[in-house]
Amino acid sequence: MLINRNNSKERLLRSLDAYAFMAHEALLYLDAYPNSREALECYNKYNKQAMRTRAEYESKYGPLTPPPEANSWQWTKGPWPWQAEKEDK
Amino acid sequence: MFQYEKRLQYPVKIKNPNPKYASIIVSQLGGPDGEIGASLRYLTQRIAMPYDEVVGILTDVGTEELGHFEMISAILYQLTRNLSYDEIKKSGFDTYFVDHTTGIYPVAASGYPYSASQFQSKGDILADLNEDLAAEQKARVTYDNILRLVDDPDVCDAIKFLRAREIVHYQRFADALGIAQDKMNAKNFYGYNPSFDKKR
């Protein structure tokens, strides 16, 4: 996957993708092996980083899930995830 | 319940539209081993599943498959941007275009619309988990075939990610089958589920 390094919004989102992916992979493993300390540590570590990165992204670029409260309604503002052409503009 | 997160599980950024590729890849949306069938299979099977760990695996894999449905939709959307009528006719995309324009609709590459007859929810632990193992391998083969037919790095990048997920899900369903067999009667070495045949 080519990442546009000059685009800090895209860079932050790709970090979130990576942390969330690691947490999800540990989640699936823990479903089958709930007693694995190693998987649990991996889950905690990457989920914490994903939550931190998600919060940073949302504070800078708008909500990724409908927000608990808002001063103005940003949720429907594009680009939506499949609209890569608008992301580049 | 489910909540939507406004990002793809893995990014899809395709520079060059290609309606021919779209008419092949659409099979992973609505084909026999496609992502919508995968998510419906696991999210229906989990309801009657008696073992908590297996319910967990079916829930979390089934939810991920919804994200894959979205990724395939993004690939199709980006492959069919700004097409000329000439490109649509020459590529063979015209048979899809006539019914759906460039809207995203779940059909197999053959044109057969998505059908729930392509999966099972049998209400039987072993029957369901063995179907799930086969389903992941069949989807993996479809992605292999797509990689044999498509030669655009932007498209292949996302397809390779999805292919790798089928392999991981296969591992987790193998774990689930092991868990289920351990929990079933240890004398049940024929590997069937006799719970419905017991006198109550």
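This is a predicted model: local features need pLDDT of at least 70, side-chain atom pairs count only at pLDDT 80 or more; totals for chains, interfaces and linings use all residues.

Biologist: How many residues of chain A are in contact with chain B, and what area is buried between them?

Modeller: Contact is counted from each side, and here 34 residues of chain A are in contact with 30 residues of chain B. The area buried between chain A and chain B is about 2,700 Å², with 58% given by carbon and sulfur atoms.

Biologist: How many salt bridges are counted between chain A and chain B?

Modeller: The count is four salt bridges, and one of them joins the side chains of Arg54(A) and Glu5(B) at 2.9 Å, N to O. On the side of chain A that touches chain B, H1(A) gives the most, with 14 residues, and by class that side has 19 nonpolar, five polar and ten charged residues.

Biologist: What lines the largest cavity?

Modeller: The largest cavity, with a volume of about 70 Å³, is lined by 13 residues, and Asp33(B), Gly34(B), Ala38(B), Arg41(B) and Ala135(B) lie nearest its centre. H3(B) provides the largest share of this lining, five residues, and the lining divides into five nonpolar, two polar and six charged residues.

Biologist: Which classes of residue line the second largest cavity?

Modeller: The second largest cavity has a volume of about 50 Å³, and its lining, which includes Phe93(B), Tyr96(B) and Thr102(B), has six nonpolar, three polar and no charged residues.

Note on methods:
Residues are numbered from 1 along each chain as its sequence is written. Chains are lettered from A and ligands numbered from 1 in the order in which they are written. Side-chain values use heavy atoms; hydrogens and water are left out. Contact means heavy atoms within 4.5 Å. Buried area is the accessible area (1.4 Å probe) that two parts lose on being put together, summed over both. Helices (H or I, at least four residues) and strands (E, at least two) are DSSP runs, numbered from the N terminus. Ala, Val, Leu, Ile, Met, Phe, Trp, Tyr, Cys and Pro count as nonpolar, Asp, Glu, Lys and Arg as charged, and the others, Gly among them, as polar. On a 1 Å grid over the protein atoms alone, a cavity is a set of points where a 1.4 Å probe fits but cannot get out, and a pocket is an open set with protein on both sides within 12 Å along at least five of seven lines; lining residues have an atom within 4 Å of a point. Grid points are joined across faces, edges and corners, and a volume is the space filled by probe spheres set on the points.
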